[in-house]
Amino acid sequence: MSEGIGARVARKEDKRFITGKGKYTDDIRMENQAYAAFVRSPHAHAKVAGIDASAAEAMDGVIAVLNGHELTGDGIGNIICGWAITSKDGSPMNMGAWSALATEKVRYVGDAVAVVIAESQALARLAAEAVEVDYKELPAVAFADKALESGAPEIHDNAPGNLIYDWEIGEAAATDAAIAGAAHVTELEVTNNRLSPNPMEPRSAVATFDASEDHYTLYTTSQNPHVARLVLSAFYNVAPEHKLRVIAPDVGGGFGSKIYIYPEEITCLWASMKTGRSVKWTSDRSEAFMTDAHGRDHITTAKMGFDADGKIVGFKVDTVANFGAYMSLFSSAVPTYLYATLLSGQYNISNVHCNVRAVYTNTVPVDAYRGAGRPEACYLIERMMETAARELGMDPGDLRRKNFIQSFPHETPVIMTYDAGDFDGNLDKALAAAKIADFPARKAEAAARGKLRGIGYSCYIEACGIAPSAAVGSLGAGVGLWESAEVRVNPVGTIEILTGSHSHGQGHETTFAQVVAERFGVPIDNVSIVHGDTDKVQFGMGTYGSRSGAVGLSAIVKAMDKVEAKVKKIAAHTLEASEDDIVIEGGEVKVAGTDKAMAWHEVGLAAYTGHNLPDGLEPGLKEGAFYDPVNFTFPAGAYIAEVEVDPDTGVTEVVQFTAADDFGTIINPMIVEGQVHGGVAQGIGQAMLEQVVYDEDGQLITGSYMDYTMPRAADVPFYTIEHNTTVCPNNPLGIKGCGEAGAIGAPPAVINAITDAIGTNDLQMPATPQAVWSALQTVKTPMAAE
Amino acid sequence: MDMTGEHRISAPREVVWHALNDDAVLRECIPGCSELEKKSDTELSAIVIQKIGPVKAKFAGDVELTNINAPESYTIRGEGSGGVAGFAKGGADVTLEEDGGDTILSYTVHATVGGKLARLGSRLIDSTARKLASQFFDNFQAHLNEARPNAAE
């Protein structure tokens, strides 16, 4: 079956994307459409003493200037964080109020205080500049450690000391005791740099209020339109769910930043009702830097204890996580259940303890970004392992192998139960593909050219397929994390799959169709995937955490099971055979071992004509299913980076990168490789290039591509990609997920390679030429002594 | 932004001091200055149009002079708003020292910028400030030369 599971099928959706025919939110043109522009604070922290909109209102073509008092006055609710975390003393997290338009106070540069609705985008932006806001500046704090110092400016009244929560996982006393008794202790301080997600398509929204039906329609750049509708209805009081349709059409990348419901969508919906016009807003790139949720921003100190044999006896971690000025939708879960629960890594460790303090600062809200917590965990563990290997004088691969988990299921001390894996096998494949035996020769050859060549490993594990609803509910999640699907077989045999997953670059239109083709023997061109519209798909939890394959496809498989059962009933009746003898093969529904068969479309037609169905069987051929996963899935792998450093300039090149991943079942190897390529590129970006910078007054310094460096083609090598598959035992297709692995596994591999090359471990991300050169100056050893 | 500098001005200290306190001279010499009004002996308001990297804006600002120790030194404190382009605020300590018939003017500036100016122009602030300072002193010297042609010889 050339188009089924495992086939390298070209992406169906690429025809429209590469010919410029994709239909994105900003391509939507409504009749009677007006444009929104936001008036944003230039101050990181200030009281709003007054807003004078008279000059803007007087401009020809300005329809309205609306502010936060009017918004809250109309009953629009505050923006919430949907995952409740409880501090270790039992107190609930301190969530400060976040109004879509600020009323009394602004808390970060870019915080919106008013919106201008005008006849054109240019006019709206011009008028927004004419709105005069009287700010009374307050002292600001941008850095998480500074925000915790006594006397730091307080950002929310109900978060004393800017502390949102002080949370822990694992056994503190047992871990301390294990480390105290260790033969060797490795200590490490790492920062995980703050990143801007930078999807290719900026955020956008088009909101239309239909007064005759009291109904709203919102086109928006969302990874989860149903969640958006749920939150907009239940918490922001925009409209009840049956009066609100949310459509996320083609979406050009998200990386997490389009999970959340932002002030702009809420404001556009409300402004449409206020003005009786469709209201469109599209972010420009500079606005995106200033308002899209950022990622990461951790400061961590950690200790790992080893026995005399190199076995890990305890791992103790203390992390401070910068949340920015407000708690974004899933912010609270990222440095807790998506981070600390992965701190056992691929290793058999009896004692792990992690303490996390989440803090407010006067910066853009921080939330999940490709990997979400797992990159922070992996970076810490894998730098720790490499550092320990150097200190212990052991081969970094051998130290890892000595500690790898060997049998499954394996329960870690941080509440995860790994279901399957082959960590030695991953490392074997990576080492072979990286031609590790030849590394000394490569290093010598580089030295002859005056370059320092280094090698670094990273053995990552992550948790995907989020998540069993009851489990996450018990941990504070405000939603269940199942997925839904509907399979509609048409009378002519073509198939529509309605899914709650959302594709914003992942290629679902192809991979999902491949799974259907495998099952029913129809060509993938006869299968269409419908997603992203709350009026078409009943419900869905959307796409993030690499969950579309493991959770979304599992729901489709469940619905296909039901369709198959009905197909067999119809065929058995028509062909006068037993249901148990019916098989679906090669586009036909057959009686096994005979030449009796119906074509696939003949079964569809029979179902819809209803002329000759078994007694009591309903006409039609359409089934739905909800799938709730029973566990997370655990993709894992081994990455090996090789770099060359120019010691005179610090300029560093990643010259070789090998990825050996275990993603479980692979539906389309080409698409999976694409996901690894993109993820590793973002990982290299984090390791060497990307950094959101605030000055100490909370001014965003990196507000454009002049100052924020994204990886370009020349910054990344040709990758070597291997797979070492163990099938996930907990979902019907055996899928683990592949969307985030590259971004999780790559940063420590790169940094370990650079620190190997330069001979000092004192290096933080991003390893810019300046950072690498500065680190080199501290270890200048007299060459003559060698 | 922190910046220090020193300029030799070919004029006696008294002349330099008076010129620095003459609103007409300042209006003429400050690059991009379209309006400058002396509100009192120690307070000025000004409008300056400047381009810093990709940000071009009209800054309306107020300036206050303190620590006046004529003709040797004073402190300038100012704050300017460029509307949506952001804001700048800061101060400078200025001292004048006699050196023969010339005057050595030295200054220490500390300034902060915010909004779009910080977001898009931060990297360019230092070099722009240096360029503007050097333009100002060129203009200032030219003005003094015109006013006292002999002094330029």
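Begin with helix α8 of chain A, which is mostly covered: eleven of its 13 residues are buried. A residue is called buried if 20 or more other C-beta atoms lie within 10 Å of its own, exposed if 12 or fewer, and partly exposed in between, with C-beta atoms placed from the backbone. The model is predicted: local features need pLDDT of at least 70, side-chain atom pairs count only at pLDDT 80 or more, and totals for chains, interfaces and linings use all residues. Residues are numbered from 1 along each chain as its sequence is written, and chains are lettered from A and ligands numbered from 1 in the order in which they are written. Helices (H or I, at least four residues) and strands (E, at least two) are DSSP runs numbered from the N terminus.

**Stop 1: helix α8**

Select residues 263–275 of chain A, the extent of α8(A). The buried set includes P263(A), I266(A), L269(A), W270(A) and M273(A), and E264(A) and E265(A) also belong to it. The 13 residues of α8(A) should span 18 Å at 1.5 Å a residue, and the end C-alpha atoms are 18 Å apart, which agrees; the expected span is 1.5 Å times one less than the number of residues.

**Stop 2: strand β9 and its partners**

Select 204–210 of chain A, strand β9(A). Six of its seven residues are buried, so that the strand counts as mostly covered. Which strands does β9(A) join through bridges? One is β12(A) (residues 278–282), joined to β9(A) by four bridges and running antiparallel to it; here S204(A) stands opposite T282(A). Another is β10(A) (residues 215–220), also antiparallel, with six bridges; A205(A) stands opposite T220(A). Two strands are taken to pair if DSSP finds at least two bridges between them. β9(A) and β10(A) form a hairpin with four residues between them, and D214(A) in the turn has a positive phi of about 50 degrees.

**Stop 3: backbone exceptions**

Most residues other than glycine have a negative phi, and most peptide bonds are trans. N198(A) lies in the loop between β8 (184–195) and β9 (204–210) of chain A and is buried, with 20 other C-beta atoms within 10 Å. Then select R296(A), whose phi is also positive, near 65 degrees. R296(A) is found in strand β13(A) (residues 295–306) and is buried, with 28 other C-beta atoms within 10 Å.

Where are the cis peptide bonds to inspect? One joins F408(A) and P409(A), with omega about 0 degrees; P409(A) lies in the loop between α11 (396–403) and β16 (410–411) of chain A. Another joins I466(A) and A467(A), with omega about -5 degrees; A467(A) lies in the loop between β18 (452–461) and α14 (469–474) of chain A.

**Stop 4: helices α15 and α16**

Display α15(A) (residues 508–520) and α16(A) (residues 548–575), whose axes come within 11 Å and cross at roughly 35 degrees. Axes are lines fitted to C-alpha atoms, for helices over the stretch in contact, and angles run from 0 to 180 degrees between N-to-C directions. The contact is made by H508(A), F512(A), V515(A), V516(A) and R519(A) of α15(A) and by S548(A), L553(A), I556(A) and M560(A) of α16(A). Residues are in contact if their C-beta atoms, placed from the backbone, lie within 7 Å.

**Stop 5: the sheet β22-β23-β24**

Three strands of chain A form an open sheet in the order β22-β23-β24, with antiparallel pairing. β22(A) (582–585) and β24(A) (597–599) stand at the edges, each with a single partner strand, so one side of each is left without a neighbour in the sheet. The twist averages 20 degrees from one strand to the next. β23(A) (residues 588–591) and β24(A) pair over three bridges; K590(A) has A597(A) in β24(A) as its bridge partner.

Helix α16(A) packs on this sheet, touching β22, β23 and β24 of chain A, and its direction makes about 115 degrees with that of β22(A). Helix α17(A) (residues 600–609) packs on the sheet as well, touching β23 and β24 of chain A, with its direction at about 80 degrees to that of β24(A).

**Stop 6: the chain contact**

Finally, show chains A and B together: 15 residues of chain A are in contact with twelve residues of chain B.

Technical notes:
Contact = placed C-beta atoms within 7 Å.
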